[in-house]
Structures are given as structure tokens and as C-alpha cells.
Amino acid sequence: MNLSRRGFLKLSAAAALTTAFGGLGLAAKPQTAKAAIDRISQLKPEWSRETTSVCCFCAVGCGLIVNTALSGAKRALNVEGDPEHPTNEGALCPKGGSIWQLAESTPRQQKVMYRKPGGTRFEPKTWEWALNEIAKRVKRDRDAAFEVKNAKGQLVNRCENIAHVGSAALDNEECWALQAFMRSLGLTYIEHQARICHSSTVPALAESFGRGCMTNHWLDLKNSDVILMMGSNPAENHPISFKHVTRCKVAGGTLIHVDPRFSRTSAKVDIYAPLRSGTDIAFLGGMINYILENDLAFKEYVVNYTNASFLVGPGYDFKDGMFSGFDPAKRSYDRSKWAFALDAKGVPQRDNTLTNPRSVYQLLKKHYSRYTAKNVSDTTGTPLDKLLEVYKVYSSTGKPDKSGTVMYAMGWTQHTVGVQNIRAMAMVQLLLGNIGVAGGGVNALRGESNVQGATDHALLYNSLPGYLSVPTTTDATLADYLKRTTPVSHDPMSMNWWKNRPKYVASFLKAMYPQAEPGQAYDMLPKLEPGQDGSWLVLFDEMFKGRFKGCFVWGMNPAVGSANAGKTRQALAKLDWMVAVNLFDNESSSFWRGPGVDPAKVKTEVFLLPCATSIEKEGSVTNSGRWMQWRVPGPQPLGESRPDGEIMHQLAQKLQELYKKEGGPFPDALLGLNWAGMTEKGGYSAQATARLINGAYTRDVTVKNPDGTEKTFKAGEQVQSFAALRDDGSTTSGNWIYCGSYVKSDPSGNLGMRHNRSQTPEQAKIALFPNWTWAWPVNRRIMYNRASVDPTGKAYAPQKPVLAWDGKAWSIDVVDGGGAPGSVHPFIMNTHGLGQIYTPGLVDGPFPEHYEPMDCPVASQVFSSVLNTPTVLKFAGEDHSQADPRFPLVCTTYRVTEHWQTGAMTRRMAWLVEAEPQMFCELSEELAAEKGIKNGDKIWVESIRGKLWAIAMVTKRFKPMTVQGKTMHQVGLPWQYGWNAPQNGGDAANLLSPSVGDPNTGIPETKAFMVNVSKA
Ligand code: SF4
């Protein structure tokens, strides 16, 4: 279609608003949406300046064009989809299509506000006043509790009476700056959204393949033969991704959806199979059993590229739901029991016939032989015929030239077995040879625009940027830390890429503290005690117990988004002060005036700082497929709002001034932090910070080339790739995985800014778009791609190759590991170089095993006598309902298309609220009849932890299930409502969910808990 710019503008606005009313809203009339179409139709493009940006909502990362007025208030006139962008091709979902309204037509916070202890209202203040007052409080409380050494006399340099949460809504550069700032103060309790949405993804995928990220990317979905969507609802929650899912179907692919609820995704697939929320391991365990029993695995791949042939040492055993090595007193396993049997050189012993009873393959077969279709169906409630149909169709991708992929999200991650849910699928994919290939992979659908980047840049208590672990007190020196954390492999075929860790750590330390040598900079980092857990639920439990004086709540809304939100809200009241940085006042910044709270009794001071929207500032965000995409600023920040980077820099300056003037414990880290590397002309600079994240030479360095010639890199020159980073302090790199993203000293070297659609015919065949922005690592678009070719370099799927070898070099994608075909194992990040079907690295077992959610409808289960995962993260004094007749219904939570996360932004956007105005509870016709509830009735939904009202939505989308021979019902709640907007919109579903977590990462179990419903 040949569209003029003007015509396109009108069409895209109309399309966005049409989809906005495809939602499930109850009683909305599209009045403001009509006004929006009228407004857009009167605009003239020549009045404005055009810039490109990226959607601020989900991590599909759709491209935007922003038109900003050249005169008047110079505000944004319009925001629309970028037709050049390879992912969205001009389309936007209702949220993305409403970004103009978010920036320009909502009750945005435009002034700094302050709520005094016991106060009943916010009062306006100046930035100068607020930053000074916050700095005074931070200093007062930090100085009172700062520990230079712990009780054992070990250096710790930490401050544990102030906490920080946030944010996946920040740009990459802001995330890096924020983690650096908070660590320079000595904070150890640093968390953000990733912990509660996708933290289980990281160890699950890293233990399986080497890196904890989505393996492929959005455009690659079209290359699949079968797409399994399970634990996700992409048609509604990642709507533009569905463009590529649809292309797969049009090309003849088969789509499968497995989900408790029949959703818009289900409506578009070839096979829909229901399952009981919280039983995914049973379902996937059954698939593993089906593949092995029917000999459907891709054997050559399994033998050459996975650890199926490894022999497991004598310490490993499994009996009646328990792995060997369990200590009941500590509720933990001794993982050394699960180690591989090594040969004299320290290399795992192998049996390539896969017949040795101690081989991973045979142990796997034995473990999952219990997962018969009947046992699975009894547990999951999935009808037997549907179960077998899914198994049969998905297993058909185990052929060399076929590929199957999976799209998953919170339906898998937010469980006490979240990590093992994902592990189970990773194992299926390794058995079928679906990793590294076009149309394959395990694709984690990230829900926030930069949750991938915020995780990469380590706004998390337990990691430093680039997935370097946080040091503990056992690591007295940098050398000790490196010795403990750097893996060793004696297999000449294994690249064991983490052997380079010392280079990445030294370069990170030099980026943080350029004046110090790496060893000195290491001493400045705060240290954890061994085994110390600072994850989200623990952080809020500590807050509940009164540990913290103050907390930064940056771009987050824990009063709605946190499991057991009632406890979270009470915890916030234990703080002396809170700094909330946001576009809007939300349920967290206003917790002191929430339902049932007497403001006079709440001592917490609240500083509410208004920040800029995404289109008003510069920086990059990393989408789910690891593309680092740059936003160019459109209008100036509205009113007195400021970019987040500027806020953190200005606060750091205030603190530096105070410490210079008054002194205090260990000011070195704060005063020595590399703000010079993050600023230009005295102010925060995203471009400068991006350059620092990439890294540069700190002095002239001469290196020898393979041909014997030498090359000298000058001090200040950008490092071209992480392969060039060094461990002697001669390079900086704020985050090694982003090294190669900014290769010159000016923005022309910022590869995240590239908007170049060119590609070779082979690249075009699989929609690689290697010149559009930049993907970590080293612009590789499909991870583990070395496994897409056989050991001679021939593509397993010649009709959609990811790599081609011409006898000298690789082409198409950037190969994983260099050298000739067959010279190295393909999973270069894993110590032993192979995909791990068995892993001794997770705290809850080397194989996934079915356990019930902590709140569950049954008193026993069919696979063992162990009901719940033995190492679960739980808290004293919190009860769980298990086969409790008071709470007989399995409840799950989900998102609606028109709202995003806690709804803190979208509940302020009239176009979206019109479509989805109110909290509702979805229930089946059968359950509604049993309870005497009609569609539209106001009902109570109650769990052991709380109660809330909702409007009943009686649908055919939930159906009663048969579990262990009994009828069981499920209900569903959107988790995106909160009491303070819109009026009468309802309150948070998380008031009902439990604060229990996966033992590996602490991700809360917000996707399966028990409730009851009654007519209000
Ligand atoms: S919310 Fe996601 S799918 Fe929708 S426009 Fe934004 S990035 Fe695209």
C-alpha cells in the first residue's frame, strides 16, 4: 500500500484506537478516543520536528515516530508507530498507540511534592529543597549504620538500613548509573521489577544454555514449524509479537496454546489445551517422557551438543520426590552430591551410546518414566486426548530440518517452581535439537520496555552488570573473588567463556572507579555475607520487621505489584522516609492514605519526584530479543519533571557536597564514583554513559595480532569488542556484554542508533536485520547458533540456515565462538561447552520435579509423597491454604491488553481506562451457576490473606476441570488495578497472593493461589 506520510498518520491513529476497544471492558463509551481522532486529523506534519523513540511499555520494543511542535509550547503533537521498524512495521497495540496521551494529556506529576510525617496531604516543594532534604536523610541514616567491617572483622563497606527498588522503566544508561550510585553508598538491598517477573528465567536458561536471556528474537518466530505458547498470552500481552506468530501460521506452521484460560491467543491457534495453573512441570515432564518413550529426540544433536552422554557421580539419587543430599534442618540440598563423574583430567566422563545407567540420558528416562499421560492428566486437568495431541505435534520438531519454539511469560515464571518450569522446556528443546536454530529457542517474553536491560545492568542485590556475581565476605580480595567465581575446564573442545571473567570484572571496576586499581576498587564494593538473600520478598519482609529507615521507590509501585500487597503496604509504613520517583502519584507514594489507613498514624515522610516520560529523554532500552534500541528525545520534560538520570546525578552531587563538607564513614566510594564518565558539560549524559558501558582503553595498549603484527590502541579509544577487554586495569567496560555497542567516541559509533534495514538475501530469509540497532552479545541475533550446524559446518535446516561456513569464515549471523566447524563445543558459556539437560547448579534439583503450589487444591499428589518444593522460600507467620474447603478455587492473575504492569501509568490514560475501567473476576458459567452469580454482579474474592471486590465476568473461557478424579474450578483476576485511579476501579489482586518464592531466585508465586468467591 502506498501511503503518504499524512495518510499513514491518520491510519495508524485510527488503527490504534480501534484495537483499544477490542478489550474486555465493561461499560465504556469511546468518547475521548473519538476526540483523539479529530485532533490528529487536524495536524499538519510541517509544523513539527520528527524523532524516533521506542515504546515505553512492553519489551516487544516497537519503534515510534514522535512529532514535536516547532513553536508554541513545543510539545509532542503526535506519536505513532515507525513503519520502518522491522518488528512493528508501523503498527502499535492500544498502549503504544496511546503514548501521546501519556505524555501530554494525563494528570502527570509536574512538581516535586512532599508529605510530612502524619500529614494528610502532599505539598509542593522545589527541587533544591527536596534534593537537599533527601541527601540529609540518606547521610544521617547511612552514617548511623554504615559497616566498614562486619563482626568477624571482614571488610564489608555496606549500608543496610536503606533499600532501593526500581526500575525496568529506566533507560540502560540510567540503570547503570543508578546501580553505580546505590553501590557507591554501600547499599546491598537493591532490587527491581525483574525479580518479581522474570528472575526465574535467568538461572533456568543460564544453567541450560549459558546465558539467561531470550534465545532468539521477535522476528524469528515466523521461522518456526510449531510455536508452543505456554505460560503466556502473547496476542493480548505482547500484541505486536503476534504479527510474527501469525506469519508462522500463514507459512504453514502450527500454533499451540496451553493455558488455564481460553484467551485471544487460544482463539488463533490450531490446538488449545487447558491446564491447571501451577502444574506445568507435570505437563512438560510428560512431554519429555513421550519424546523418550517414542524415540523422537534428535539423537545426533543430543549426543554431540548436550550433556546427555555425561555420567553422573555416585552421589546423585532420587527417591519419592526428594533428590539426594537434603538437609531437613536447613531445608537445602548439598549440591556436591549431584556432580558429574570426572576422568583423570577433570573432564566429565561420557557414554555416547547413551546406554550407561548413570548417563544423564538414562537417568532422565528413569526420572520421567513416572510422568505417564494418565498421571499428567490427573494432575494438570488437561484432557488426555489434548495432552497427547500437543505432545505429538510438538515432538514432530525433533527432526534436523524442523524447528519448534516456545513463548512463555509470567505463567511459568511466577511460581515456587518457576525456574524448574523453564528448565523443563529447555530440556525438551535440547532433546529436539531446537536451540541455536532459526525458529527455535526458549523465548522469554519480557513485559517491561527495559526489564532486560535493567537486569543486564544489575539493579539486583546479587549481581553486578553483565551477570558478574556480587562479592561476599569470603572473598577478601579481588583474587579470592576471581578464584571462587571463575570456572575451569580441562576439555580442549570447551571454550568455557567465563574463564575471561577476570577481564570483565577488572574492566567493570575501572569503569566505576577509574582512579583506583581494580583490587582497590574491589574493596570499595559492598559485600554480602555468604548465602545472604536480599531478594524482593526478603527485602519487604525486612522492611516489615523495621530494618530500613528509608527506601527509594524508583519507577515502581510495590503496593500493587508486590505479592501479598497488604503486607507490603504495612511494610512501607515502617519507613521513616521514602523517595518515590514517578510520572504519577500511585498506590505506593500514597500508601499512607490508602484504604483502611489513618494518615495521622503513619510516620513516613514521602518525597515524590516527577520524572520525564520516555519520549522526553535520550537513552537506550533493550528489548526482549536483546536489541539495544536508542531513543532520541522529542519534547522537553513537562513542567518541572526531570529525566531520571539527571535526578540521580543531582542527588549524588548533593551527597558528595555533604560528605566533602561534613565527612562520614567511608566516603571514598561515593566521592570516587565515575560521574565524570557519565556526564558532559556538568550534566548527566546518556551518550557518555553508553560510551562508558561499552568501555575504552585507559592507557596505550599494544597487542599482537595472530599474524605476528602489532597494533596499538590509544588511551581513550573505545574498545571494539569484549574479546579485547583486559584484566590489568588498561580497559574500562561498565558492562562487558554491551562492549561493542559504542565503537567510536561520538554518537556515530553508537550502534544502538542504527536504523538500517539492509541485509543479505540469506539474512533476509530468516529476518535477521543485523544492521538495525545492535544486539548483545556482539550483535548476535540467534544465540547458540553454532548448534544450528553439524560438526562439519553443514546447516541442519538448509532451507533456513543461521550460519554458513565457506572454508575460511562464517557468515549470515555472528557465530558463537570462532574457529572452524567442529573445533569447539557450541554452548560456549557453559563450563563443559554443551547444553545441559542435567545440571547440578540449581538449589532445588538437577531435574525438574512436579510439586504443588504452596496454596493448592489437593492434600497429596500423584508423583510423590512430597507436596511442595522442599526448599521453598517462605516466611514465618504466613499461612497457606492447602485443600482448604474455605478456599476451594484456584486463582490465577493476568494482564489485559490495555493496562500495563501495575496500571500506574495506563490507569491515568483515559483512552485505555475507557476500554478497561474496572477490576473484574473471570469465572466459568458452571461456577457462576453454583454460586448464584450473574455476569456483571459485584462479588467478593477472598483468600487466606485478604479480600477485594470485583465485577463478575462470567465466561466460557474458564471450564471446570477434573483433577485427581474431582471437579475443580479456576478463576482469574487482572492484577493491574489499584485504589487511587480510576475512581471505583477496584484494588490490587496481589492483596490475595502469597509471599512465597522460588528457592533459586525468590520470585513470588503470584500465578497460583486459592480463593473463594461470593456475591457482594
Ligand atoms: S506495548 Fe508492546 S506490543 Fe504494544 S506497542 Fe508497546 S512495545 Fe509494541
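Arg 699 is partly exposed, at 37% relative accessibility. Its side chain meets that of Asp 728 in a salt bridge, 3.7 Å from N to O. This is a predicted model. The structure holds 53 salt bridges. Side chains of opposite charge can pair when their charged atoms come close.

**The Asp 728 and Arg 699 pair**
- Asp 728 is partly exposed, at 29% relative accessibility.
- Asp 728 sits in the loop between strand S29 (710-713) and helix H28 (761-765), and Arg 699 in the loop between helix H27 (686-694) and strand S28 (701-704), so the bridge ties together parts that are 29 residues apart in sequence.

**The Glu 89 and Lys 243 pair**
- Glu 89 forms a salt bridge with Lys 243, and their closest N and O atoms are 3.2 Å apart.
- This pair links distant parts of the chain, 154 residues apart.
- Glu 89 lies in the loop between strand S3 (76-81) and helix H3 (99-104), while Lys 243 lies in helix H9 (residues 241-250).
- Glu 89 is partly exposed at 29%, and Lys 243 is partly exposed at 25%.

**A salt-bridge network**
- Glu 542 bridges to Lys 545, with the closest N and O atoms 3.5 Å apart.
- Glu 542 is buried at 16%, whereas Lys 545 is exposed at 57%.
- Both belong to a network of salt bridges, whose members include Glu 147, Arg 158 and Glu 878.

**Around Cys 921**
- Cys 921 lies in strand S34 (residues 920-924).
- Cys 921 is buried, with a relative accessible area of 0%.
- Beyond its neighbours within four places in sequence, Cys 921 contacts several residues, among them Ile 939, Val 971 and Val 1013.
- Cys 921 and Lys 934 are 13 residues apart in sequence and 12 Å apart in space, C-alpha to C-alpha.

Definitions and conventions. Residues numbered from 1 in each chain as written. Predicted model: local features only at pLDDT ≥ 70, side-chain atom pairs only at ≥ 80, totals over all residues. Heavy atoms only, no water. Helix = DSSP H or I, 4+ residues; strand = E, 2+ residues; numbered from the N terminus. Buried < 20%, exposed > 50% of the residue type's maximum accessible area, 1.4 Å probe, protein only. Contact = heavy atoms within 4.5 Å. Salt bridge = Lys/Arg side-chain N within 4 Å of Asp/Glu carboxyl O.
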